[in-house]
Amino acid sequence: MVVLLRCWERGGKGMAGACFIPHYSESAEAKLMLYGSRRIRMKRSYYANTIKKFLLDLDSIILGELVRHHEFALEELQRNAWIDQIHILKQLFEGYTDDAFILFEYAIPRMGKRVDVVLLITGFVFVLEFKVGETKYPNYAMEQALDYSL
């Protein structure tokens, strides 16, 4: 599995960094928290929560929310991809205690596309696009991650 990551600073002050990172290969109506007490209601994601609550939620509950909001016939490949994403992100954030927010299957306004995962962490927005079964970065995948971040 390959994870593509694109990040930028909150407030649109230009790119803070862009990187494509490999991941180890293993062979909501929601409240969107924007740093501090400011909150905005959103209906754009299948699952959204703080990282702390994400870590406490059972994997089956998270998967159930993803499946419940999925509007199409659920293919086994998609279900397995979500299971992998949940597992990877829980391992990544194990023991994480800072304020942060996670959104799965976030609909990008006016684009008609969905990002696999969006992370909001200390003033940065991280857009993650997972490619299940990939072992390298195909050009189309890098273009997709770049397109999402623009």
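Guide: Welcome! Two rings of Phe, Tyr or Trp (its six-membered ring) count as a pair if their centres lie within 6.5 Å. Please keep in mind that the model here is predicted.

Visitor: Which residues do ring pairs link into a cluster?
Guide: By that rule, the count comes to 6 aromatic pairs. Some of these ring pairs join up into a cluster, and its members are Tyr47, Phe54 and Phe104.

Visitor: Which residue lies over the face of phenylalanine 54?
Guide: Phe54 is among the residues with the most contacts inside the largest nonpolar core. Over the face of its ring, at 5.6 Å from the ring centre, lies lysine 90.

Visitor: How is the aromatic pair of phenylalanine 124 and phenylalanine 126 arranged: stacked, edge-to-face or tilted?
Guide: The two rings are 6.3 Å apart, centre to centre. Planes under 30 degrees apart would be stacked and those over 60 edge-to-face. The angle between these planes is 40°, so the pair counts as tilted.

Visitor: Which element gives the most to the largest nonpolar core?
Guide: This core has 21 residues, and Leu66, Leu89, Ile102, Val117 and Leu119 are among those with the most contacts inside it. Two or more residues come from each of helix 1, helix 2, helix 3, strand 6, strand 7 and strand 8. With 4 residues, the element that gives the most is helix 3.

Visitor: And how many residues does the second, separate core have?
Guide: Phe101, Val118, Val125 and Val127 are included in that second core. Its size in residues is 11.

Visitor: Why do the buried residues of helix 2 line one face of the helix?
Guide: Helix 2 spans residues 59-69, with Ile62, Leu63 and Leu66 buried. Looking down the helix axis, you find these buried residues on one face because they fall within an arc of 95°.

Visitor: Which exposed residues does the face turned away from the buried side of helix 2 carry?
Guide: The buried residues pack against strand 5, helix 1, helix 3 and strand 6. Leu66, for instance, is in contact with residues including Tyr46, Trp82, Ile86 and Glu105. The face turned away from that buried side carries Ser60 and Arg68.

Visitor: What share of the residues of the whole protein chain counts as buried?
Guide: The chain's secondary structure comes to 4 helices and 8 strands. Its accessible surface is about 8800 Å², with 53% belonging to carbon and sulfur atoms. Of its 150 residues, the buried share is 42%.

Technical notes:
Residues are numbered from 1 along each chain as its sequence is written. This is a predicted model: local features need pLDDT of at least 70, side-chain atom pairs count only at pLDDT 80 or more; totals for chains, interfaces and linings use all residues. Side-chain values use heavy atoms; hydrogens and water are left out. Buried means under 20% relative accessible area, exposed over 50%, partly exposed in between (1.4 Å probe, protein chains only). The arc is that of the directions from the helix axis to the C-beta atoms. Contact means heavy atoms within 4.5 Å. Accessible areas come from the Shrake-Rupley method with a 1.4 Å probe; for residues, only the protein chains shown count as cover. A nonpolar core is a set of buried Ala, Val, Leu, Ile, Met, Phe, Trp, Tyr and Cys residues joined through side-chain atoms within 4.5 Å. A charge sits over a ring if NZ of Lys or CZ of Arg is within 6 Å of the ring centre and within 35 degrees of the ring normal. Lists of a residue's contacts leave out its neighbours within four places in sequence.
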